[in-house]
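Visitor: I would like to learn how to read a structure like this one. Could you walk me through it?

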Amino acid sequence: MSDNMSRLELIAAELPEAQRVDVEAWDGHPTFRVRGKNFVFADRSATSLSFKLGKSEAEAVVATESDADPTAYGLGRHGWVNLKIASNASEQRWVQIREWIRTSYTLVAPRKLARIIEEEDAE
């Protein structure tokens, strides 16, 4: 599968109660939410994503990934990272992106839902 949005939707589908919401006020740009809280912002083609990481991990990603920057609007100081994704990104790259999205989910989801993913990832 090479379509970034399809890949992103498959990752989100693994997460309890995650849903895609296209925001009309943002020209229909998709967000992925759990119980009304955003854990991923995307452009329509999913070649640009924003997600939340722990502050130290976000700093490390921004420092080591040439295609990553702190998210604008002051979100970067709270661990949000923007990531550019090539339409032909490798499987290995998508493994890393999936890990970051799952981390973002666990940081914003209610504790009970986050624990489900943390337990899966610990196995």
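Guide: Let's begin with confidence: pLDDT is the predictor's confidence in each residue, on a scale from 0 to 100. This is a predicted model, in which local features need pLDDT of at least 70 and side-chain atom pairs count only at pLDDT 80 or more, while totals for chains, interfaces and linings use all residues. Residues are numbered from 1 along each chain as its sequence is written, and side-chain values use heavy atoms, with hydrogens and water left out.

Visitor: Where in the protein chain is confidence lowest, and where is it highest?

Guide: The chain averages a pLDDT of 92, and 97% of the residues score at least 70. Confidence is lowest in strand β1 (residues 18-23), with a mean of 92, and highest in α3, at 97. Those names come from DSSP runs numbered from the N terminus: helices are H or I with at least four residues, strands are E with at least two.

Visitor: How do I read a strand?

Guide: In a regular strand, side chains alternate between the two faces of the sheet. Take β4 (residues 48-52), where five of five residues are buried (under 20% relative accessible area; exposed is over 50%, partly exposed in between, with a 1.4 Å probe and protein chains only). Ser48, Ser50 and Lys52 lie on one side, Leu49 and Phe51 on the other, and both faces are covered.

Visitor: Which strands does β4 pair with?

Guide: Two strands pair if DSSP finds at least two bridges between them. β4 pairs with β3 (residues 37-42) in the antiparallel sense over three bridges, and Phe51 is the bridge partner of Val40. Five residues sit between the strands of this hairpin, and Ala46 there takes a positive phi near 55 degrees. β4 also runs antiparallel to β6 (residues 80-84), joined by five bridges; there, Lys52 has Trp80 as its bridge partner.

Visitor: And a helix? Which residues of α4 are buried?

Guide: In α4 (residues 111-122), the buried residues include Leu113, Ala114 and Ile117. They cover an arc of only 100 degrees around the axis, which puts them on the same side of α4; the arc is that of the directions from the helix axis to the C-beta atoms. The buried residues of α4 pack against β2 (29-34) and α3 (91-108), where contact means heavy atoms within 4.5 Å. Lys112 and Ala122 are exposed on the face turned away from the buried side.

Visitor: How many salt bridges are there?

Guide: Side chains of opposite charge can pair when their charged atoms come close. The rule here asks for a side-chain nitrogen of Lys or Arg within 4 Å of a carboxyl oxygen of Asp or Glu. By this rule, the count comes to 11.

Visitor: Which parts does the salt bridge of Glu91 and Arg7 tie together?

Guide: In this pair, the closest N and O atoms are 2.9 Å apart. Glu91 lies in helix α3 and Arg7 in helix α1 (residues 4-13), so the bridge ties together parts 84 residues apart in sequence. Glu91 is exposed, at 54% relative accessible area, whereas Arg7 is buried, at 11%.

Visitor: What about Glu120 and Arg102?

Guide: Their closest N and O atoms are 2.9 Å apart. Glu120 belongs to helix α4 and Arg102 to helix α3, so this pair ties together parts 18 residues apart in sequence. Glu120 is partly exposed, at 40%, while Arg102 counts as buried, at 3% relative accessibility. Glu120 and Arg102 also belong to a network of salt bridges with Glu14, Arg98 and Asp121.

Key: The expected span of a helix is 1.5 Å times one less than its number of residues.
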